[in-house]
Amino acid sequence: RGETMGLLITDISYFSVLIAGIVGMVIGALWYSPLLFGNLWIALMGFTEKDITAAKNKNMTLQYALQFVALLVVAYVLSLLIASLGINTIPAVFQLAFWLWLGFQATLELSAVLWGGKSWSLFLLNSAHNLVVLAFMSWVLFLFA
């Protein structure tokens, strides 16, 4: 692992960040597909057939590109944390992913239920997805660093 100056790491593996971002996209594509939870997500979001048809007819390249950039940012920050904290075991990587998820993602996502009118079921579905993504991305970053 590299020298640190604050949170600036001199030898982050950009290859591992790229792979982790791709892994995050693949997990999301599977999670929200009809193979897994896509139909449930559509129902929990309250989308109609008209909404689904409109989404299919829309060019979603920008949305996918922005989602990928967001996942690259997550992967980069995870990589910084793994290096800065000197994490050197797989259980510690998964523990980091869990605490980041619980301390930030799950608690912030809660506002969608409390103030945004979203259901607890949607909260659980989205939060579980984010936990899985964080865990796998952390694992990939650890393995390829």
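Student: Which helix gives the most to the lining of the largest pocket?

Tutor: Helix 4 does, with 10 residues. Keep in mind that this is a predicted model.

Student: What makes a residue part of that lining?

Tutor: A lining residue has an atom within 4 Å of a pocket point. The largest pocket has 38 such residues. Gly-28, Tyr-32, Trp-41, Tyr-64 and Gln-67 lie nearest its centre.

Student: Which helices each supply at least two residues of the lining?

Tutor: Helix 1 (14-31), helix 2 (38-45), helix 3 (49-57), helix 4 (61-84), helix 5 (90-114) and helix 6 (120-144) do. The chain has six helices and two strands. Along the sequence the pattern reads β-β-α-α-α-α-α-α.

Student: What is the volume of the largest pocket, and what classes of residue line it?

Tutor: The volume is about 1300 Å³. The lining has 23 nonpolar, 11 polar and four charged residues.

Student: Why is Phe-94 called partly exposed?

Tutor: Its relative accessible area is 36%. Buried means under 20% and exposed means over 50%. The value for Phe-94 lies in between, so the residue is partly exposed. Phe-94 is found in helix 5.

Student: Which residues form the nonpolar patch?

Tutor: Phe-15, Ile-90, Phe-94, Phe-136, Trp-139, Leu-143 and Phe-144. Together they have about 640 Å² of accessible area. Helix 5 and helix 6 each supply at least two residues of the patch. Helix 6 has the largest share, with four.

Student: How do you know that Phe-123 is buried?

Tutor: Its relative accessible area is 12%. The cut-off for buried is under 20%. Phe-123 falls below that, so the term applies. Phe-123 lies in helix 6.

Student: How far is the C-alpha atom of Phe-123 from that of Ser-111?

Tutor: The separation is 9.5 Å, and the two residues are 12 apart along the chain.

Student: What share of the chain is buried?

Tutor: Buried residues make up 31% of the 145 residues. Phe-123 is one of the buried residues.

Methods: Residues are numbered from 1 along each chain as its sequence is written. This is a predicted model: local features need pLDDT of at least 70, side-chain atom pairs count only at pLDDT 80 or more; totals for chains, interfaces and linings use all residues. Side-chain values use heavy atoms; hydrogens and water are left out. On a 1 Å grid over the protein atoms alone, a cavity is a set of points where a 1.4 Å probe fits but cannot get out, and a pocket is an open set with protein on both sides within 12 Å along at least five of seven lines; lining residues have an atom within 4 Å of a point. Grid points are joined across faces, edges and corners, and a volume is the space filled by probe spheres set on the points. Ala, Val, Leu, Ile, Met, Phe, Trp, Tyr, Cys and Pro count as nonpolar, Asp, Glu, Lys and Arg as charged, and the others, Gly among them, as polar. Patches are made of residues with over 30% relative accessible area and no salt bridge: like charges are joined within 9 Å, nonpolar side chains (Val, Leu, Ile, Met, Phe, Trp, Tyr) within 5 Å. Accessible areas come from the Shrake-Rupley method with a 1.4 Å probe; for residues, only the protein chains shown count as cover. A salt bridge is a side-chain nitrogen of Lys or Arg within 4 Å of a carboxyl oxygen of Asp or Glu. Buried means under 20% relative accessible area, exposed over 50%, partly exposed in between (1.4 Å probe, protein chains only).
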